[in-house]
Amino acid sequence: MKTLVLGGGVVGVSTAYFLAKAGHEVTVVEEKDALGLEATAANAGIIAPGHSFAWASPRAPRMLLASLRGAETAIRVRLAPDLQLYTWGLRFLRECTADRARRNTLIKLRLCQYSQAVMNELVSAEGLEYHAVTKGALYLYRDAAELEAGTKKMALLAEHGQKQEILGASEVAKLDPVFEPVKGKIAGAIRDLGDSSGDARLFVENLARVCRDKLGVAVKLGTRVTQLRADGDRIDGAVTSEGTLTADNYVLALGVGAPSVARTAGVRLPIYPAKGYSSTFPLKPGGLAPTVPGVDERWLVGWSRLGDRLRLTSTAEFAGYDWGWTPRDFNNILRLARDLFPDAADYDQGQYRACLRPMTPDGPPILGLGRHRNLFLNCGHGHMGWTMACGTARIVADLMTGRMPELDLEGLTVRR
């Protein structure tokens, strides 16, 4: 069975792996000159079932309104003459009730937990190296009231299988000495014991090597997919910058590029880009740097250690397909870095970039078979692509090979 996987990020490469293991003849098609160069290379690095909360929540509309007034909120919107923004935005706002936020959070949590288990099996089986840190993750709070509110919020995840512990400031500093000099600035943290971190780009590179060398997967780089050619209820070709490619099956895993390609075959996907800002700094020799990944819950900046580098990310900005950035966009990140980790890294030598995350209005991704019998969807992972990749890849591979997925797919099937 010949299969084209369209997209060479962590989702696409993971899908290629499981399909090849199931006996498919797989080719990965990627626009860039290497794999994993877009959102995969810029994420926070945290594999975080313990942060599975839906972005569409009762708190989100207030943040969006504040951002329109000029505030530097964690979720922002930049109004533009863009019909997709408004149609997607209305669906997003509809999900911002307490009941829907709870439902969507639990769907995401279930998928993230499953994905983490699948990834652990894969890493063990293939011996993959990706600078893994398995000390859990810290969700940091600045004052006692915030910590108490956070404890109540995180209880939902604890009730559904996430192992957590509540730490005071001194306990946080004992776990990670980087906080000892600054423990007076924090009230404490909730530590999710199951979360971890690692370099998603390195994971993709090493998994792709396994795919090529052991499983015979082909990779076509520098090949942009522009159109899906439909014939009745089937796709009979993917039109690319290098000509038309044909296969028995097609998997759409193009991240924020998925909606425009899907529309060429009459498929409409409720996915819109959420721009995030990512910075990476070289660690100072002998400097005091964090060893446990985490998120500052007031400033909503995430951090993780990727070998000899420190990654910090922040913000979700709804501004269309805009990869641009200005130094001001990193103010929040640099403020946190210098506040909590002043001696960790050389902040004058940062690498800065914006990345676009493919968001659905409710949060869970779009998986499975669409209106065409041989087009399978694996897209819309939002900010959880690194966390969800292996699980959704396994699910899509199971569906394509006629196996019943191990995970209940309620809330995860294709939504037209």
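This is a predicted model: local features need pLDDT of at least 70, side-chain atom pairs count only at pLDDT 80 or more; totals for chains, interfaces and linings use all residues.
Local features need pLDDT of at least 70, side-chain atom pairs count only at pLDDT 80 or more, and totals for chains, interfaces and linings use all residues. Residues are numbered from 1 along each chain as its sequence is written, and side-chain values use heavy atoms, with hydrogens and water left out.

Leu65, Leu68, Leu79 and Tyr86 make a nonpolar surface patch of about 380 Å². Patches consist of residues with over 30% relative accessible area and no salt bridge; like charges are joined within 9 Å, and nonpolar side chains (Val, Leu, Ile, Met, Phe, Trp, Tyr) within 5 Å. A salt bridge is a side-chain nitrogen of Lys or Arg within 4 Å of a carboxyl oxygen of Asp or Glu. Accessible areas come from the Shrake-Rupley method with a 1.4 Å probe; for residues, only the protein chains shown count as cover. Leucine 79, one of the patch residues, sits in the loop between β4 (75–77) and α3 (83–94). Helices (H or I, at least four residues) and strands (E, at least two) are DSSP runs, numbered from the N terminus. Leucine 79 has a relative accessible area of 53% and is therefore exposed. The classes are buried (under 20% relative accessible area), exposed (over 50%) and partly exposed (in between), with a 1.4 Å probe and protein chains only.

An open sheet is formed by 3 strands in the order β10-β11-β12, with antiparallel pairing. Its edge strands are β10 (225–231) and β12 (243–245), each pairing on one side only. Neighbouring strands of this sheet are turned by 30 degrees against each other on average, direction ignored. Axes are lines fitted to C-alpha atoms, for helices over the stretch in contact, and angles run from 0 to 180 degrees between N-to-C directions. Strand β11 (residues 234–240) is joined to β12 by 3 bridges. Two strands pair if DSSP finds at least two bridges between them. Threonine 240 has glycine 243, in β12, as its bridge partner.

Threonine 315 belongs to strand β17 (residues 309–318) and is buried, with a relative accessible area of 8%.

Isoleucine 366 lies in strand β19 (residues 366–369). Its relative accessible area is 0%, so isoleucine 366 is buried. Its C-alpha atom is separated by 5.7 Å from that of glycine 380, 14 residues apart along the chain.

Tyrosine 114 is part of helix α4 (residues 98–126). It is buried, at 10% relative accessible area. The C-alpha atoms of tyrosine 114 and cysteine 390 are 276 residues apart along the chain but separated by 8.8 Å. Cysteine 390 is buried as well, with a relative accessible area of 2%.

A search of the whole structure for disulfides (pairs of cysteine sulfur atoms within 2.5 Å) finds 0. Cysteine 96 is in no disulfide; its nearest cysteine sulfur, that of cysteine 112, is 19 Å away. Cysteine 96 is buried, at 8% relative accessible area. For cysteine 390, the closest cysteine sulfur is in cysteine 211; the separation is 11 Å, so it is too far for a bond.
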